[in-house]
Amino acid sequence: MELSVEFFPPKTPEGENKLHLVRERFSEKLKPSFYSVTFGAGGSTQSGTLKVVSDIHAAGAAVAPHLSCVGSSRESVREMLKQYQALGVKRIVALRGDLPSGMGQYGEFHHANELVEFIRAETGDWFHIDVAAYPETHPQAKSPASDIDFFVQKMKAGANSAVTQYFYNSDAYFRFVDEAYDLGVTQPIIAGIMPITNSSQLLRFSDACGAEIPRWIRLRLQSYGDDIASIRAFGEEVVTDLCDQLLTAGVPGLHFYSLNQADAVLAIAENLELTN
């Protein structure tokens, strides 16, 4: 069973220092199989991604940079692949990505399966390629059926595994995995896990990415108002229980969306006896 953690590139020196300390805590307590590093669309944090990836790799940890279709040309992706190969990076997360406001179109790649095919054609089996999965259906999908068809295309294009969008209903994950396997997918589908530490932030994220917050969770969070301690205690309990259900069912991995914070993830991992 694989444990992994996602970071985003910090935008300030203070953020860089904090991330370094956070990563040291994860490496000591959780020993993740790999860290992933997000990729800013349209050039916003691409250089930051490379720097964080370089730092993590230099520290001896496995790292998987995100690559996105947004604003990317074949030549720009080819150049990034060469940089990561030169570093010795062996894992990539290939995403379609979301268009930022003001950017009207994708680059030369319109779908993640095209990006996966290109990475395979350029680099052979050098990279372990992860793609995204949406147990509750991508918010822009025409239908659940078309969404899972796109997912199957990505897996058949050469992906080694998938990481899901976060969810709080384990049945959504189990149903998605069953449907994918019925359609011929054999690769692992890792469960994406978002700790609950800030209710307004979570509601905003979830509305944007199509992740459902069950009504009972939403109402409980709203009832706490600005009581941060209660929100975090409740969130820890809910997400620990979710992970416990997934682990009991034999999930191939948990991928924690850390938001560059360690406390909530480590508390959940400790509850599950996954820490050292």
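**Note on helix packing and the nonpolar core**

1. Helices H8 and H9 are roughly antiparallel to each other, because an angle over 145 degrees counts as such and theirs is about 160°. The structure under review is a predicted model. H8 covers residues 215-224, and its axis lies 9 Å from that of H9. The crossing of H8 past H9 is right-handed.

2. On the H8 side, the residues in contact are Trp216, Ile217, Arg220, Leu221 and Tyr224; on the H9 side they are Ser230, Ile231, Phe234 and Val238. Sorted by class, this contact of H8 with H9 comprises seven nonpolar residues, one polar and one charged.

3. H3 passes H4 in a crossing that is right-handed.

4. H3 contributes Arg74, Val77, Arg78, Leu81 and Gln85 to this contact, while H4 contributes Leu115, Phe118, Ile119, Glu122 and Thr123. The contact of H3 with H4 contains five nonpolar, two polar and three charged residues.

5. The largest nonpolar core consists of 79 residues, and Phe26, Leu67 and Phe151 have the most contacts inside it. Helix H9 (residues 228-248) supplies the largest share of this core, with seven residues.

6. Which residues does Phe151 contact, leaving aside its neighbours within four places in sequence? The partners of Phe151 are Val131, Ala132, Ala133, Ala162, Phe176, Ala180, Val185 and Ile189.

How values were computed. Residues numbered from 1 in each chain as written. Predicted model: local features only at pLDDT ≥ 70, side-chain atom pairs only at ≥ 80, totals over all residues. Heavy atoms only, no water. Left-handed = near helix turned anticlockwise from the far one by under 90°. Helix = DSSP H or I, 4+ residues; strand = E, 2+ residues; numbered from the N terminus. Contact = heavy atoms within 4.5 Å. Nonpolar A, V, L, I, M, F, W, Y, C, P; charged D, E, K, R; others polar. Core = buried A, V, L, I, M, F, W, Y, C linked by side-chain atoms within 4.5 Å. Buried < 20%, exposed > 50% of the residue type's maximum accessible area, 1.4 Å probe, protein only. Axes fitted to C-alpha atoms, helices over the stretch in contact; angles between N-to-C directions. Parallel < 35°, antiparallel > 145°, perpendicular 65-115°, else oblique.
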